[in-house]
Amino acid sequence: MTKIEEIKATAKKLLEEGKVKYIIGYEQGTNGWLSNPVFIKKPEDVERFVWDPSCVHNLAKFLVDEKRRKSREKQPDKRPVGVIVKGCDSRAVIVLLQEKFINREDVFLLGVSCEQGGVVDDKKLAKKLGKKNAKKIELGDKDNLIITTEEGKLEFPTTELLAERCLECKANVPLIFDVLVGDKTQRPQDKPFKSLEEIEKLSPEERWNFWREQIEKCVRCYACRSACPMCYCDECVVDSINLAVAPDTSAEEKALKIRWLDKSTEKSENFVYHLVRAIHLAGRCIDCGECERVCPLDIPLRLLNKKLEKEAKLLYDYEVGCDVNQPSLVSSFKDTDPEDFIR
Amino acid sequence: MAEEFEPKIVAFLCKWCSSAGSDLAGVSRMEYPANVVPIQVMCSGSVSPLYIFSAFNKGADGVLVSGCHPGDCHYIKGNFYARRRLALVKKLLEHIGLEPQRFQVSWVSAAEGTKYTQIIKDFVKELKPLGPQTKLRREAQ
């Protein structure tokens, strides 16, 4: 039985028995090759599920939305929500559990190893295809992918199309699950933190020029924040709306309100936003790459988060999303933490 | 002759040690550069990374965070948390290409007025050749 058949069978059984409220998975997308997230409530709809390297979304994000929705309901359905999790999604769920944002009994995880060890990167694919549009991505029988375009079929080796993060991924197998679908198929890992090598070789001035060019592009659409499963704060510090303005709010109160950063898309303000986001994700980012994927201006946001992940590993031997009971990076310390930078 | 560049330093000093240390330097009439704008905070662990980014954003040429020596924290472990967090901030600022000298962390106890003056002197000396910090500064509108 292939993985997708097993997913469908498991999902069908769960829904028929009424063990879960609904199951979040992927379905064939309406726009080209990319799959869509889908919420399946009825057992007969499970045929819509797909599972291939186009399943790029991090579905853990929907658990955050689900928690919000549930808190608004008067008589919430207490059953857990089923989610299909890849390796990175499972790590996101671990971090959410670690931070006690969600409860273990509220989720039912269907763990699946990534097909051929990762998901396709849309930018890499677009580069390969030029002006052609991909309609469908299928698995080849060897380590390759078959892309259907309007001008026929093309074949590429998997490693050429996989996202950078997938090549560097330490575990493309789910680390936490209730049901494991298919086998755990681990792919050999590329060098961890490989994408950082290039930028770390640069001099500080060159690094600054690189980041200035990138961050200046930002239009502050906050798509990165919206797509991130870890950005779940009810109020974001960069929104500057934390002051409740009532009719009796005095001008002075408004004036004294701290504005950490402006809403304008100037370089300096963009930097504060991206630095704050990076530091808030330190020890929490599980490198699902959603922020970078959804960025309309192709800012390499992963490099910021990855850098802090690397420092956490080097300085504190902290690995993100491995253990639910591990205290989080910035809410724990050791007596032996390095302090050579302190005078 | 052009006036010599005088860097502006924002110093977040913890109430129980570093702030008292700077006070000691003051009442002992020790001399040190007047480039520092001290801001008293309750603990070095209460300094959010946002304070630091925001200080740079609003025109600081250097930022200093100073707290009690490890083990001496008034709140037992605040400076241990600060140590981790500030290390990450420092790495991040270096990663985007800000000069590493612009952000400093120090432990200054209430008795170390001399150490405080020395840190400020060194800090100013290091910042002078760098010139004004324009990278993260908000442009005047």
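User: Helices are DSSP runs of H or I with at least four residues and strands are DSSP runs of E with at least two, numbered from the N terminus; on that basis, how many helices and strands does the secondary structure of chain A come to?

Analyst: The model is a predicted one, and its chain A holds 343 residues, of which 40% are buried. Counted along chain A, the secondary structure comes to 13 helices and eight strands.

User: Among contacts in chain A between residues at least 6 apart in sequence, what share joins residues at least 24 apart?

Analyst: Contacts here are pairs whose C-beta atoms, placed from the backbone, lie within 7 Å. Of the contacts in chain A with a sequence separation of at least 6, those that join residues at least 24 apart come to 69%.

User: Which element gives the most residues to the side of domain 1 of chain A that touches domain 2 of chain A?

Analyst: The domain assignment divides chain A into domain 1 (1-190) and domain 2 (191-343), with 26 Å between their centres, taken over C-alpha atoms. Their contact takes 24 residues from domain 1 of chain A and 23 residues from domain 2 of chain A. On the domain 1 side, the elements that give two or more residues are helix 2 (61-72), helix 3 (87-98) and helix 6 (164-168) of chain A. With eight residues, the element that gives the most is helix 3 of chain A.

User: Which element of chain A gives the most residues to the side of chain A that touches chain B?

Analyst: Between the chains, 30 residues of chain A are in contact with 30 residues of chain B. Helix 8 (204-217), helix 11 (267-280) and helix 13 (302-316) of chain A are the elements that give two or more residues to the chain A side. The most, eight residues, come from helix 11 of chain A.

User: By class, how do the residues on the side of chain A that touches chain B divide?

Analyst: The contact brings together 30 residues of chain A and 30 residues of chain B. Sorted by class, the chain A side has 20 nonpolar, one polar and nine charged residues.

User: What pattern does chain B follow when read along the sequence?

Analyst: The secondary structure of chain B comes to four helices and four strands. Of its 141 residues, 54% count as buried, and the C-alpha atoms of chain B fill a box of roughly 45 × 35 × 25 Å along the principal axes. Read along the sequence, the pattern is β-α-β-α-β-α-β-α.

User: Is strand 3 (residues 62-67) of chain B largely enclosed by the rest of the structure or exposed, and how many of its six residues are buried?

Analyst: A residue counts as buried if 20 or more other C-beta atoms lie within 10 Å of its own. On one side of strand 3 of chain B, Gly62(B), Leu64(B) and Ser66(B) are buried, and so are Val63(B), Val65(B) and Gly67(B) on the other, which leaves both faces covered. Strand 3 of chain B is therefore largely enclosed by the rest of the structure, the buried count being six of the six residues.

User: In which sense do strand 3 of chain B and strand 4 (residues 103-107) of chain B pair?

Analyst: Strand 3 of chain B is joined by five bridges to strand 1 (residues 9-14) of chain B, and these two run parallel; within that pairing, Leu13(B) has Ser66(B) as its bridge partner. Toward strand 4 of chain B, the bridge partner of Leu64(B) is Gln104(B). Strand 3 and strand 4 of chain B pair over five bridges, and the sense is parallel.

User: Which residues touch the most other members of the largest nonpolar core?

Analyst: Nonpolar side chains in soluble globular proteins tend to be buried together. The largest nonpolar core here has 130 residues, and those that touch the most other members are Val83(A), Val93(A), Val63(B) and Leu92(B).

User: Is Asn36(A) buried or partly exposed?

Analyst: Asn36(A) lies in strand 2 (residues 36-40) of chain A. Apart from neighbours within four places in sequence, Asn36(A) is in contact with Tyr26(A), Glu27(A), Gly29(A) and Thr30(A). Because 16 other C-beta atoms lie within 10 Å, Asn36(A) is partly exposed.

Notes
Residues are numbered from 1 along each chain as its sequence is written. Chains are lettered from A and ligands numbered from 1 in the order in which they are written. This is a predicted model: local features need pLDDT of at least 70, side-chain atom pairs count only at pLDDT 80 or more; totals for chains, interfaces and linings use all residues. A residue is buried if 20 or more other C-beta atoms lie within 10 Å of its own, exposed if 12 or fewer, and partly exposed in between; C-beta atoms are placed from the backbone. Two residues are in contact if their C-beta atoms, placed from the backbone, lie within 7 Å. A nonpolar core is a set of buried Ala, Val, Leu, Ile, Met, Phe, Trp, Tyr and Cys residues joined through C-beta atoms within 7 Å. Ala, Val, Leu, Ile, Met, Phe, Trp, Tyr, Cys and Pro count as nonpolar, Asp, Glu, Lys and Arg as charged, and the others, Gly among them, as polar. Domain bounds come from an automatic or database domain assignment. Two strands pair if DSSP finds at least two bridges between them.
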